[in-house]
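Dear colleague,

Please find below the structure that I am handing over to you. My notes on what was found in it follow directly after.

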Amino acid sequence: MSVTIKTPEEIAKMRVAGRLAAEVLDFIAPHVRAGVTTGELDRLCHDYILNVQLATPAPLNYAPPGYQPFPKSICTSVNHVVCHGVPGEKKLRAGDIVNLDITVIKDGYHGDTSRMFYLAQPSIQARRLCDVTYECLWLGIDAVQPGGRLGDIGYAIQTHAEEHGYSVVREFCGHGIGRKFHEEPQVLHYGRPGTGLRLEPGMTFTIEPMINAGKPEIRQLADGWTVVTKDHSLSAQWEHTVLVTDSGYEVLTLSAKAPQKPPLHA
Ligand code: MF3
Ligand code: CO
Ligand code: CO
């Protein structure tokens, strides 16, 4: 398998899937309140994707090689959970930070996006981690251009994270996306400029940096999915699906209430 270049027809479908994924986050945002369980957020998103969007939640029963089927429709990663948190009975509390990661399939194509949510007054440190991680995402996106390299993206992200004393999770990365949830290429969130795959118009992939306040090492929990920081430091993640265009990039996972691109200074 190699990197697919999407046709204009496929790109049109990717735009729809991407917007739908973002709109699930718009829909769920007002429900992310202290006292709600991650399982309730999952059920609300599941029903919205199926009954309102007439789409499919890609995580449900997703089983890549070596994994058991994911049992829920979204990922909910709270505080020191890095990614792939499994929704359950745990209630969100004031001060928590939580990543909600949504992937929908519409008309055979995937859209994949995640945002951080803050429960009433997160600590200054938690807020800053989320903000810097959001800047990392957009610095990575801004590095996307035809003729550019994958390493340019990773370098932009890693530099910004480490300048703030944070670390980049190495074990998980962004990914090509289209008919399949996870396609080639792997989009590392660290690297060296001018190295790696050359970007071409029509490529679609995610950028989804996982940034830890402490050390980069992670641990996988016994449920086979949940990934946590080994040192229990906070972790944040934001994700967009992007298309390489003739002139630069197009973010496919935007919606009415998606947070804006932040101000970025070189
Ligand atoms: N949405 C995640 C990503 O960004 C993947 C989740 S796999 C799942 O790649 F099975 F946990 F949903
Ligand atoms: Co995702
Ligand atoms: Co992804």
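Donors, in what follows, are N, O and S atoms within 2.8 Å of the metal (3.2 Å for Na, K and Ca), and water is not among the atoms, so sites may look incomplete. With that in mind, aspartate 112 bridges the cobalt ion (ligand 2) and the cobalt ion (ligand 3), which lie 3.3 Å apart. Aspartate 112 lies in strand β5 (residues 109-118), while glutamate 239 is in the loop between β13 (235-237) and β14 (240-244), so the pair ties together parts that are 127 residues apart in sequence. Strands (E, at least two residues) are DSSP runs, numbered from the N terminus. Both aspartate 112 and glutamate 239 are buried, where buried means under 20% relative accessible area (1.4 Å probe, protein chains only).

As to conventions, this is a predicted model, in which local features need pLDDT of at least 70 and side-chain atom pairs count only at pLDDT 80 or more, while totals for chains, interfaces and linings use all residues. Residues are numbered from 1 along each chain as its sequence is written, chains are lettered from A and ligands numbered from 1 in the order in which they are written, and side-chain values use heavy atoms, with hydrogens and water left out.

An oxygen atom of ligand 1 lies 2.8 Å from a polar side-chain atom of histidine 182. For aspartate 112, the corresponding distance from a polar side-chain atom to an oxygen atom of ligand 1 is 3.1 Å. An N or O atom in the side chain of glutamate 239 is 2.9 Å from an oxygen atom of ligand 1.

Serine 235 lies in strand β13 and is buried, with a relative accessible area of 2%. Isoleucine 97 belongs to strand β4 (residues 97-106) and is likewise buried, at 0% relative accessibility. Serine 235 is in contact (heavy atoms within 4.5 Å) with residues including Ile97, Met116 and Asn212. Isoleucine 97 and proline 59 are 38 residues apart in sequence and 21 Å apart in space, C-alpha to C-alpha.

With kind regards

How values were computed. Helix = DSSP H or I, 4+ residues; strand = E, 2+ residues; numbered from the N terminus. Buried < 20%, exposed > 50% of the residue type's maximum accessible area, 1.4 Å probe, protein only. Polar contact = N/O pair within 3.5 Å; in protein donor to acceptor, adjacent residues only side chain to side chain. Lists of a residue's contacts leave out its neighbours within four places in sequence.
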